[in-house]
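Below is a short briefing on one protein chain. Please read it beside the sequence and the model.

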Amino acid sequence: MEGVYLRGKTYWFRFRPAEKAAQVRINLRTGDEMEAIAAARKIKARPHAHTATGSLTEWIGKYIAHKKRKGCTEWWMQNLRLCLEEAAEYFDPSPRRVTQAQARAWQEGITSGDRYYKHRKTPTKKPPVNARTAATYAAWVKPFFVWLIQEGVILKSPFEGIEVPKTSPALRKVFLSREQALLALNARTAVDGKKAVELRFCLFAALHAGLRKAEVIACRPKWFDLEAGLLHIQNEEDFLIKDRENRTVPLTPEFLAFLKEYGLRSPYMLAPDAVKGRGPYRFNFKYWFDSHMLALGLEEFTFHDLRRTFASLLVSSGVSCYKVAKWLGDGIEIVERHYGHLIANDSDINRSWSQPSRATVSDESMRKAAEGLPDLMG
């Protein structure tokens, strides 16, 4: 094909986007002639698209805007942006110069921690993440490069041919015992003053109402009806519930008594003055929680384990999975899968044998019937 030529071990394509435009040379990133011709034909079909300029960071902004038009939530897009910008610090600033070697090194590095961010003034080594988190990062970054191909920015994804390690969908079934939950809630905390009171609000919200971390942070005073003893978890302009469904949870007497002393704080129940944090959360109490649990010898538990504890204690005490599912905002099948094994022993299994039959049979009839049976024990 005219304009396709071999330079070293790689094919290039030389063409003019318009009749009087300057000549453009594009690296086709392949040593296979047929692949090179196919790539050149794609470029020829959309010549102006493949002369697009802009840094990787600029294209990330455009990709986020594209996702917003698709109706993705602010929460999801915030996490997506953080992941892409973190990867962009490692890759070459130009989308066209991001190589497969960089992509492979980044993917291997996020699990080992062996990745340096050379574009910073001081090279920084990132801590490793677990295999499931690494798979999630890759699952967010790879579609971005596919979109760049669709936009004509690049010809080939640097992740092409790189497999994301498969991880088993581990269902975490870790929760606190009732004694551990009471200790976490009532023991003197490792943080002081105002922080201690606010941390106790977080603990109550998870252990007594089953709230997720994001829901605790998003709590508004209008969600709490102290007279009726109800908590209404609602979608807001800046916050969407995971399943998008508003729900209501009855307030326990203990939580209600705490709230009357704690007060209804505005505009948020937790850290009302905090508007925007450095991460995806408006405010993050992770350090408080981790310090508290470490001091109690319960450092193996995460904050989400408290939500699981809320459910497990209810199910094991005989509350129906249907009610627990409604309070959690989860499907009943999810609750049964996670907590069904905790359902108290069901005596109904004994009914067919412990209850006398309606048709009464005399002892003499039973004796005569038994005489005609073979000796099963012989």
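The second largest pocket is lined by 18 residues, and those nearest its centre are Leu207, His208, Thr252, Glu254 and Leu313. The model is a predicted one, in which local features need pLDDT of at least 70, side-chain atom pairs count only at pLDDT 80 or more, and totals for chains, interfaces and linings use all residues. Residues are numbered from 1 along each chain as its sequence is written, and side-chain values use heavy atoms, with hydrogens and water left out.

**Second largest pocket**

- A pocket is an open set of points on a 1 Å grid over the protein atoms alone, with protein on both sides within 12 Å along at least five of seven lines, and lining residues have an atom within 4 Å of a point.
- The space in the second largest pocket comes to about 480 Å³, where a volume is the space filled by probe spheres set on grid points that are joined across faces, edges and corners.
- At least two lining residues come from each of α6 (178-186), α7 (193-209), β6 and α11; helices (H or I, at least four residues) and strands (E, at least two) are DSSP runs numbered from the N terminus.
- With five residues, α6 gives the most to this lining.
- By class, the lining of the second largest pocket holds 12 nonpolar, four polar and two charged residues.
- In this scheme Ala, Val, Leu, Ile, Met, Phe, Trp, Tyr, Cys and Pro count as nonpolar, Asp, Glu, Lys and Arg as charged, and the others, Gly among them, as polar.

**Largest cavity**

- The structure holds one cavity of 30 Å³ or more; a cavity is a set of grid points where a 1.4 Å probe fits but cannot get out.
- The volume of the largest cavity is about 40 Å³.
- Its lining consists of Leu56, Ile60, Leu84, Ala87, Ala88, Phe91, Val141, Phe144 and Phe145.
- The elements that give two or more residues to the lining of the largest cavity are α2 (56-69), α3 (74-88) and α5 (131-150).
- Nine nonpolar residues make up this lining, with no polar and no charged ones.

**Sheet β4-β5-β6**

- Three strands form an open sheet in the order β4-β5-β6, with antiparallel pairing.
- β4 and β6 stand at the edges with a single partner strand each, so one side of each has no neighbour in the sheet.
- Strand β4 (residues 224-225) pairs with β5 over two bridges; two strands pair if DSSP finds at least two bridges between them.
- Four residues lie between the strands in the hairpin of β4 and β5, where glycine 229 takes a positive phi near 70 degrees.
- β5 and β6 pair over four bridges, and leucine 231 stands opposite valine 249 in β6.
- Strand β5 (residues 230-233) has Leu231 and Ile233 on its covered face, and Leu230 and His232 on its uncovered one.
- In a regular strand the side chains alternate between the two faces of the sheet.

**Aspartate 225**

- Aspartate 225 is found in strand β4 and stands opposite leucine 230 in β5.
- Its relative accessible area of 30% makes aspartate 225 partly exposed; buried means under 20%, exposed over 50%, and partly exposed in between (1.4 Å probe, protein chains only).
- Not counting residues up to four places away in sequence, aspartate 225 touches Leu230, His232 and Leu251, where contact means heavy atoms within 4.5 Å.
- From C-alpha to C-alpha, aspartate 225 and proline 250 are 9.6 Å apart in space, and they are 25 residues apart in sequence.

- Cys321, Val324, Ala325 and Leu328 are buried in helix α12 (residues 321-328).
- These residues cover an arc of only 100 degrees around the axis, which puts them on the same side of α12; the arc is that of the directions from the helix axis to the C-beta atoms.
- The cover over the buried residues of α12 includes β6 (247-250), α11 (304-316) and α13 (332-339).
- Glycine 329 follows α12 and has a positive phi, near 80 degrees.
- In α13 the buried residues are Val335, His338 and Tyr339.
- Seen down the axis of α13, these residues fall within an arc of 75 degrees, so they line one face of the helix.
- What covers the buried residues of α13 includes α11 and α12.

**Whole chain**

- The protein chain has 15 helices and six strands.
- Of its 378 residues, 39% count as buried.
- Among contacts between residues at least 6 apart in sequence, 59% join residues at least 24 apart.
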